[in-house]
Structure formats: C-alpha cells, structure tokens
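Please examine the backbone and the packing of the helices in the model shown here. The explanation below is meant to be read alongside it.

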Amino acid sequence: GGEATLNLPLVLQLHQYAAELAAKSNLQLDGVVMTNGVALSSSMIARLKESQLRISISIDGVGDTNDIQRKFKNGRGSFSYVERTLTLLDGAGFTPTITITVTSRNAGGLAKTVEYLLGRNLPFSINFYRENECSASFTDLKYQEADLIKNIKEAFHIIEQNLPSYSL
C-alpha cells in the first residue's frame, strides 16, 4: 500500500539493486511501479523510462466517476491530475497500463471509462472490489450482481465496437 512515487529515489535504487541481482543470476527482470498517477512530473517520467520500469496507473472512472473513489485528503477529486499525467506520459512516448477497480460507486461509469481508455489507446485491466478487513466498513463499495453484470456487458459492448490492437 501507499504511493510509490512519493519516494521515487528509493524505488529506483531498489530496482537497480534487483536488476543487478537478476543479471548475476541470469534472470530477466520486469519492474512495474503502481501509482495513482496524480503527481508524476516530466523528470520523474524520464527517470522511470530510463530505468526501464513500466507504469501502472489506477483509474476508476472518468471525471467525477473516478473522483468518487479517488480523492485527495481535502476531498477534492484527482482525475484532472491523472489526466495531466497521461498527457505527459504520451508526450514522452511512455504508455502506462491502467487498472480499473470496479465497485458499486463507479460501476455505472465503467463503459464510459473503457471508451475513454480505448480512445487514448491505453491498455487496461478490469478488477473487482473484494471486501477485506480494511474496507468492510465501506458498505457502499459492494455491488449488486445484476447491476455489475449489466455494467460489464455495456463495457464489453464498447470494447467490441472499438477493438484495440493489443490484447486485453
């Protein structure tokens, strides 16, 4: 847990160390930094690219749909910051992978989210909320099966209409 890019120098140092160990053992290393994507600067992106680390960004919707789940401590939404980061990554020729976590809060916007990501040619995965000890008190995250199925079918329809060149 936590935001890895808040201590990017340590992440890069650990990756370099892992790369050295992998090379000594004749192993291949594939590193991925999972981030909320709100605070990546151009220089951070350049350092990640230089280190051959991939980036995975958590996006749970477009605009307000994302902001329902991903807010700053002050309650302000984060989507506009993530979108800025996506533009910086695109300008650097760096394609992140997007992870979408579906809950009852954002399930209704899943099709729009998929359409947005396909429009930006961003590979993505869809993950499903699972209750755990830390989230059990957030009862509004649980989705109703019928609603989830309806929303997944809508998202799949968008995918069918806009088949990407990459494997989902």
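This is a predicted model: local features need pLDDT of at least 70, side-chain atom pairs count only at pLDDT 80 or more; totals for chains, interfaces and linings use all residues.

Residues are numbered from 1 along each chain as its sequence is written, and side-chain values use heavy atoms, with hydrogens and water left out.

Helices (DSSP runs of H or I, at least four residues) and strands (E, at least two) are numbered from the N terminus. Helix 1 spans residues 8-24, a total of 17 residues. From its first C-alpha to its last, helix 1 reaches 24 Å, close to the 24 Å expected at 1.5 Å a residue; the expected span is 1.5 Å times one less than the number of residues.

The buried residues of helix 1 are L8, L12, H15 and A22, where buried means under 20% relative accessible area, exposed over 50%, and partly exposed in between, with a 1.4 Å probe and protein chains only.

Two packed helices are described by the angle between their axes and the distance between the axes. Helix 5 (residues 110-119) packs against helix 6 (residues 145-161) at an angle of about 25°, and their axes are 8 Å apart. Axes are lines fitted to C-alpha atoms, for helices over the stretch in contact, and angles run from 0 to 180 degrees between N-to-C directions. Helix 5 and helix 6 are therefore roughly parallel to each other, a description that applies to angles under 35 degrees. The contact (heavy atoms within 4.5 Å) involves L110, A111, V114, E115 and L118 of helix 5, together with N151, I152, E154, A155, I158 and I159 of helix 6.

Most residues other than glycine have a negative phi. Helix 1 is followed by N26, whose phi is positive, near 60°. Phi of Q52 is also positive, near 60°, and Q52 is found in the loop between helix 2 and strand 2 (54-58). Q52 counts as exposed because its relative accessibility is 68%. In the loop between helix 5 and strand 4 (124-128) lies N121, with a positive phi near 60°. At 45% relative accessibility, N121 counts as partly exposed.

Key. Angles under 35 degrees count as roughly parallel, over 145 as roughly antiparallel, 65 to 115 as roughly perpendicular and the rest as oblique.
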